[in-house]
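Subject: Structure handover

Hello,

Here is the structure for you to look over. My notes on helix packing and salt bridges follow below it.

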Amino acid sequence: MWKLRGRTDLERFDTFTQGSLYFLSGMEMVLALQAVAHIDAETPGNVMIGIMAVAAMHTAACLVLLHGSLRHRMDGGPRPDKQRIAAASVTVGAVAAVLAWREYLPWASDGMPDVGFISAAGVVFFFLAPLTAGLSARGATRVLGAGVVTAFAIGLPATSSSGSIGVGSLVGVMTALAASYRLSVWMLDVVVRLDRARTTEAALAVAEERLRFARDLHDTLGRNLSVVALKSELAEALVTRDPDRATGEIRGVRQLAEDSLAEVRAVVRGHRVACLDSELSGSRSLLSAAGTECEMSGSGDELPEHVQSTLGWVVREATTNVLRHAEASSCRIDVQVDDGVARLSMRNDGVREQQSVQTGSGLAGLRERLEAQGGTLTAGPDGNDHFVLTATVPVEPRRTMADA
């Protein structure tokens, strides 16, 4: 939970938020140590030991309650009813102990609430803070209202009229602190929901593209295959009765099959072929919309069509990997031609999950496409917390045996 390196922004935010809440709850023990340090030296030792023991028990109970509240609100865990009862019982005992030992605690300046009230009110609000983290907004408001009434009931009778302002200020600060627990959980829940929505949106975009491609194939092949089936049945029926007509029908079937193959190739070509500059522009727009600052240098204006198509597909696949796996804050794309070889380099600072795509089907398909043209593809971390993908393609088409 506490390791930040290699985590996404959401995981870091979750760790920071929950860690802050645990830290604030643990501060009760630190405050108890400070209170004991300022107690008069003539105070019996069993009183100081008792204060520390009560503070330790209450801090532990509140931390356990906070853990249960966070699991309930963030992970859908069970309601921490047992933890609430246990923490409430320890809180009542701690408040009683503080009021019983009130005479041993040091006094503040005249007209201000004494340390006994401060300690009692602090015990109450250190319990209310983790309690509200696991409640609904309405429930948290009611609990905090009850806590304010309880704090005033404890503090005002033991305080002079001039110190009532101090009591009100102290209760206000403690109430804000306790409310911040519930607000932090709400804010974390909103961030998690937004991240899930973004993931769902990406998945829906992929599904929509697959449906579009499926529709194109259906529209292209549906009618032709239906005609092929009918002509095949007709040719089968005519084989014995009218061989010449059956031969004509079979030729028609062959022609339809060739036409269908050409149409399928056109659909696939339209789906895969991409202009490099268009893909670069689209990549910048997508990355910027996702919060990734994108810088580019070079263009594909002077590159042959087959090179632009290949590198355009590389940009498309690499951009998809950055959006789905990288959580990158910056990305740089460079296009250059050197010694007859076009080189495209894409560098981003999102290394974590992107390492897992090095052997994925997307990059494997790109590597095969590039190798067929005499090119190369490399992808992986560079050792400086960056992920680098580099693709090279010869500008001149690769000669084959058929060309020779």
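Start with helix α1 (residues 9-37) and helix α2 (residues 45-75): their axes come within 9 Å and cross at roughly 170°. That makes α1 roughly antiparallel to α2. The contact of α1 with α2 is made by 15 nonpolar, six polar and two charged residues.

The terms behind this are as follows. Helices (H or I, at least four residues) and strands (E, at least two) are DSSP runs, numbered from the N terminus. Axes are lines fitted to C-alpha atoms, for helices over the stretch in contact, and angles run from 0 to 180 degrees between N-to-C directions. Roughly antiparallel means over 145 degrees (under 35 is roughly parallel, 65 to 115 roughly perpendicular, the rest oblique). Ala, Val, Leu, Ile, Met, Phe, Trp, Tyr, Cys and Pro count as nonpolar, Asp, Glu, Lys and Arg as charged, and the others, Gly among them, as polar.

This is a predicted model: local features need pLDDT of at least 70, side-chain atom pairs count only at pLDDT 80 or more, and totals for chains, interfaces and linings use all residues. Residues are numbered from 1 along each chain as its sequence is written, and side-chain values use heavy atoms, with hydrogens and water left out.

Now the salt bridges. The rule asks for a side-chain nitrogen of Lys or Arg within 4 Å of a carboxyl oxygen of Asp or Glu. By this rule there are nine salt bridges.

- R71 pairs with D75, with the closest N and O atoms 2.6 Å apart. The two are four residues apart in helix α2, so about one helical turn separates them. R71 is partly exposed at 23% relative accessibility, and D75 is exposed at 55%. (Buried is under 20% relative accessible area, exposed over 50%, partly exposed in between; 1.4 Å probe, protein chains only.)

- D81 pairs with R84, closest N and O atoms 3.6 Å apart. They sit three residues apart in helix α3 (residues 81-100), so again about one helical turn separates them. D81 is partly exposed at 32%, while R84 is buried at 14%.

- R347 pairs with D382, closest N and O atoms 2.6 Å apart. This pair links distant parts of the chain, 35 residues apart: R347 is in strand β3 (residues 341-348), and D382 is in the loop between β4 (376-381) and β5 (387-394). R347 is partly exposed at 35%, and D382 is partly exposed at 30%.

Best wishes
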